[in-house]
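Look over the sequence and the 3D structure below. The report then takes up overall form, and after that the ligand site.

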Amino acid sequence: MIEEQVSGTDSQGGISVIIPALNEAESIGHVVGSMPWDRIAECIVVNNGSTDETGLVAQMAGARVIASPRGYGAAMWAGVQAAQPNSDIFVFMDGDGADNTADMAKLLAPVESGEADFVLGSRLRGIREPGSLLASQIFASYLISALVKLLYGFKYTDMASFRVIRRSALESLDMQERTFGWNLEMQIKAVQKKLRIQELPVNYRRRIGGVSKVSGNLRASMLAATRILGVFWRVRRGA
Ligand SMILES: Nc1nc2c(ncn2[C@@H]2O[C@H](COP(=O)(O)OP(=O)(O)OP(=O)(O)O)[C@@H](O)[C@H]2O)c(=O)[nH]1
Ligand SMILES: [Mg+2]
């Protein structure tokens, strides 16, 4: 089975996994430690502003740790800039242990085989541990998906971090968001650029430890919602 997956790849370069992590010392060691190291070239943890041992724990577990300006999208962008030049595929995922690295091979397969440019992991289509997604998050996902369908004609079901994209495809998107609008900007622009998109189910757990930076924090959720709505406005204007 493993041999089949490896021989099925036409990835000429390598795979860089990029993980933003802000005060995730309780989970990041588990996340980095569970990487499929035989398949990936590197795991980059972007640790901007943590006041705990996130960087040290990630490094001990085998990640390359870098810093960047504060912000979720800023961290993603810094990870892309820092990736080894010959990586031709990026995997993005969270550092809190909610995403399952066991799903990575499934998300990679269509990009590696050349069938897709962008594969989004959908938590709404997968199995969710009770309490891992708040009702408000599920509602927001439906609402945003409906808006994207209405405006751009493509039906996503989620806006999750866990995703795989070909380097050349990402470069064609000219990503501008440096906050929580990053995920949605990628999804909308992927449709606009007519990338070959797939959405596949992924399982989702509660965060292993630490504190939510978004969903469990009202102020941060409102800020993220504002940024996400701002993406619709900005991308519509062609920026
Ligand atoms: N480097 C960096 N990482 C961030 C920043 N904000 C959030 N993150 C990371 O982005 C990922 C997603 O944030 P979460 O707090 O898990 O957001 P969430 O999944 O909506 O909230 P939970 O449901 O509680 O997990 C986590 O790995 C965070 O550590 C930031 O400003 N900088
Ligand atoms: Mg989370």
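## Overall form

The C-alpha trace spans about 40 × 40 × 35 Å along its principal axes.

This is a predicted model: local features need pLDDT of at least 70, side-chain atom pairs count only at pLDDT 80 or more, and totals for chains, interfaces and linings use all residues. Residues are numbered from 1 along each chain as its sequence is written, chains are lettered from A and ligands numbered from 1 in the order written, and side-chain values use heavy atoms, without hydrogens and water.

## Fold and burial

The protein has 9 helices and 7 strands. These are DSSP runs: H or I of at least four residues for helices, E of at least two for strands. Of the 239 residues, 52% count as buried, meaning under 20% relative accessible area (1.4 Å probe, protein chains only).

## The ligand site

Which residues come nearest to ligand 1? Of the 21 residues around ligand 1 (a heavy atom within 4 Å), they are E24, N48, D96, S212 and K213.

Polar contacts are pairs of N or O atoms within 3.5 Å. A polar side-chain atom of E24 sits 2.6 Å from a ligand 1 oxygen. For D96, a side-chain N or O atom is 2.7 Å from an oxygen of ligand 1. A polar backbone atom of V46 lies 3.0 Å from a ligand 1 nitrogen.

How values were computed. A polar contact is a pair of N or O atoms within 3.5 Å; within protein, one must be able to donate a hydrogen and the other to accept it, and residues adjacent in sequence count only if both atoms are side-chain atoms. Buried means under 20% relative accessible area, exposed over 50%, partly exposed in between (1.4 Å probe, protein chains only).
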